Amino acid sequence: MKIGSQKSMPSNPVEKVSRKSSAKASTGHTKGRSVTTTALVKPPYLSLGEKAKSSNIVQALRTVFSFGLIKDRNITVVQPDGTKLKQSISINQLAREGYISVDQKAQLLAFQSSRERGEKLAAILQEVDQQLLSTKPQKSETEHDWTRRVISEHSIQPRKKYCQQRISLEIEPDQISYYNDLQQTIAKLIPKESQRPTIDLHIVGKSARKNNCQPSQLGVLGGMGPLSDAKIVTRALDDFFTKGGDKDHLVMNLFSCPPPRTLWEVIASGSSFIDNIRTFAARRHRSYVIASNAAHAKCPTLKKLGIKPLLHLVDQIASRIAKDQVPSKNTTTLVLETTQAYKNKLYSLTLRQQGVDSINLSQTDQKVLQQLIDHTKRTGGSDKQEELSSMIRQYVNSERKAGREVGHVLLGCTELPMALGKEKMEELEAELQVNLVNTEAVFAEIFADKLTEAYVEI
């Protein structure tokens with residue numbers, strides 16, 4: 001067989017507060033920064049206020065909710081007639097998620113009137129929504145035209161450092177090729193991955209935005225290889241549509257956030273990286289996945305930062321290999337991975353837990369492989385395929401001479417399938433009689449499955 005082809009939410013805090021302080025609310029003596037239709041309550045949750053005019057405010061809130069900018073299910077927005085609009089908005093939550101600035105938060109909290117606070121928030125959110133909507137590719141724009149516009153509007157210049165600077169963009173599902181073109185252009189302008197900006201990409205179907213439907217179905221944490229992320233998501237969407245998924249109702253968030261790599265980068269932008277991860281986590285998507293093999297070593301830390309429910313894809317890949325492998329003491333799996341995963345023994349330990357024997361490269365060859373991976377991250381090309389193919393042949397043939405069969409060659413970094421290319425992978429499988437485990441393809445397949453599950457649940 002070829003490989004590669006929640007917790008329940010707490011009850012509403014606004015309702016709890018309202019019940020506890022109903023007597024105070026009726027007399028108007030409750031202090032705080034939060035309002036129901038009649039009075040201020042604690043903690044700082046916001047309603048529209050009984051005197052607010054519903055048209056613009058309600059529309060602004062509906063628009064923001066429609067494509068999943070806000071994911072706090074614990075809060076309720078109360079309309080002027082007393083009915084609940086949807087899950088509500090917290091001023092502090094909006095600030096934590098980066099949708100309003102610290103200054104804007106202070107302005108909102110300075111208002112004593114619920115009507116004024118509601119109208120000001122609506123205006124801010126409407127502006128956020130319009131800014132995001134304006135980033136969508138226009139009908140007349142080609143992929144290159146849109147890329148040039150984004151590069152120009154955000155002043156992205158060659159070899160300049162944009163560590164942890166976040167750019168929010170929105171596209172429709174069938175416009176994913178525009179995003180691929182953008183990431184390829186950024187890679188050429190800024191070869192060093194950790195210096196590239198964070199791209200907060202909202203993939204939103206037409207009906208999802210128009211009809212204010214479900215929360216985001218899938219949150220994808222990327223950035224460990226932005227070019228690879230784009231390819232994985234493109235492939236996942238193709239698989240999703242092939243399985244009958246409805247692109248018009250799709251809501252997906254790809255958060256491409258390149259992590260700091262060196263000690264100096266950690267010192268300079270480590271705290272900003274954590275803030276960005278917390279921002280992504282605060283949206284509470286239905287499911288979270290990581291578009292990187294090596295980053296799965298950080299799953300416990302990511303969960304502590306709020307990235308959950310988080311699917312562990314490395315475990316799933318190891319399980320597939322274990323099920324696919326012919327039981328034999330003389331069969332092993334060749335693991336090719338990044339140096340970080342190599343040092344963490346990410347796949348070797350996971351495979352061992354599944355009862356699968358594995359071998360890794362020598363330290364010398366691992367350095368060569370990492371250089372090849374870094375080159376692919378910069379270029380996105382397959383000009384190193386012969387070098388990588390030669391390394392695979394060398395290890396497979398060496399094991400066979402020692403009397404052991406290599407059943408699987410695990411491409412445990414999503415840049416490796418990109419470096420080889422589809423034709424070369426097929427050629428190697430036929431020549432060496434091994435199964436090449438394409439983790440890029442497996443990730444895409446699992447992403448598509450999660451999108452399908454989320455869509456069916458609605």
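Visitor: Which residue meets Arg 166 in a salt bridge (N to O), and at what distance?
Guide: This is a predicted model, where local features need pLDDT of at least 70, side-chain atom pairs need 80 or more, and totals for chains, interfaces and linings use all residues. A salt bridge puts a side-chain nitrogen of Lys or Arg within 4 Å of a carboxyl oxygen of Asp or Glu. Here the partner of Arg 166 is Asp 200, with N to O at 3.3 Å.

Visitor: Is Asp 200 buried or exposed?
Guide: Buried means under 20% relative accessible area, exposed over 50%, partly exposed in between (1.4 Å probe, protein chains only). Arg 166 has 26%, so it is partly exposed. Asp 200 has 0%, so it counts as buried.

Visitor: Where does Lys 243, the salt-bridge partner of Asp 449, lie?
Guide: The two side chains meet at 2.3 Å, N to O. Asp 449 belongs to helix H20, 206 residues away in sequence. Lys 243 lies in the loop between helix H10 and strand S10.

Visitor: How many salt bridges does the structure hold?
Guide: Lys 384 and Glu 387 form one of them, at 3.9 Å. Glu 386, Arg 393, Lys 424, Glu 427 and Glu 431 are linked in a network. The structure's total is 20.

Methods: Residues numbered from 1 in each chain as written. Heavy atoms only, no water. Helix = DSSP H or I, 4+ residues; strand = E, 2+ residues; numbered from the N terminus.
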